[in-house]
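User: Please take a close look at one strand of this model and describe its side chains, its partner and its place in the sheet.

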Amino acid sequence: MTEVPPDIAEYLASPDTLPEWVRFYRAYPTVTAAVQAVGNGESVAVFTSEHTAYGQQVILIDGKPVIEVVLYPNSQAREALVTAYLNHSDPETATAAILHALPHLLPEDIDLTGIDCVVEPGNGLAPRFGFRRRVFAAGLHTWRDYDELHPLGELYQVLSWHSTGHNIAEGTEAVSILRSHGLPAVGCEACGEPLTNRHPAWPGTWVCLAEEYGPRCDAFDDPFRELHELDAAGIGGPHDPSTSDLEPVT
Ligand SMILES: [Zn+2]
């Protein structure tokens, strides 16, 4: 029977603990237990969207156990990254430019010591981009040891869904930062959302990343706005790509 430290027992008993963490800490109540499991060939991983989207896993690198965390940009920042990636004609150049631009989307005072910007392959519209931290697990016994010695700190806060003011850039701010790093990001003049005209579902039409159903700009010029003829009114119109964003990036 694996020992369960009191803080983990309390966390597991709390009704506020998210189910993914309950499963993870029940299985691996200590770092030592997680490392043993990895040594036995188990996959020790959890994905959560608590405050922001991130994955934590324990892996072996050159035979040494490592606790790896990858934090992913929130949905609004991701939309800017992925639309800029799609707008670029060369995926490899776009990937390199995004990895270079990622830290610049964060507030300037964020300490990225020990954090790498990474790209993970996938079969989506674009690969996944994230901020990765790896910590050797040697010498760490409890998760409290790990948390206290290696807090995720401000990066976790600025990527949070709830973060306001001191957060990763989104919308037109993200578009302009990405453009200054050579990425052909385009924002809508009306609604400010990042756009692509290379979405596989709508090639040639400017849409947001999630608009599989076609463009529905919230800020479109609705001729029925004053008439309240709901059955005739649209629920969104075409986007209006910013003219300056259509200029080539340097
Ligand atoms: Zn729009």
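Analyst: Along strand S1 (residues 44-48) the side chains alternate between two faces. Val44, Val46 and Thr48 point to one face and are buried, where buried means under 20% relative accessible area with a 1.4 Å probe, protein chains only. The model is predicted: local features need pLDDT of at least 70, side-chain atom pairs count only at pLDDT 80 or more, and totals for chains, interfaces and linings use all residues. Residues are numbered from 1 along each chain as its sequence is written, and side-chain values use heavy atoms, with hydrogens and water left out.

Strands here are DSSP runs of E with at least two residues, and helices are runs of H or I with at least four, numbered from the N terminus. S1 runs antiparallel to strand S2 (residues 54-61), and five bridges join them; two strands pair if DSSP finds at least two bridges between them. Val46 stands opposite Gln56 in S2, and Thr48 stands opposite Tyr54. The hairpin of S1 and S2 has five residues between the strands, and there His51 takes a positive phi near 70 degrees.

Five strands form an open sheet in the order S1-S2-S3-S5-S4, with antiparallel pairing. S1 and strand S4 (115-120) are the edge strands, each pairing on one side only. Helix H3 (residues 31-39) packs on this sheet and touches S1, S2 and strand S3 (64-71), contact being heavy atoms within 4.5 Å.

Definitions and conventions
Buried means under 20% relative accessible area, exposed over 50%, partly exposed in between (1.4 Å probe, protein chains only). Axes are lines fitted to C-alpha atoms, for helices over the stretch in contact, and angles run from 0 to 180 degrees between N-to-C directions.
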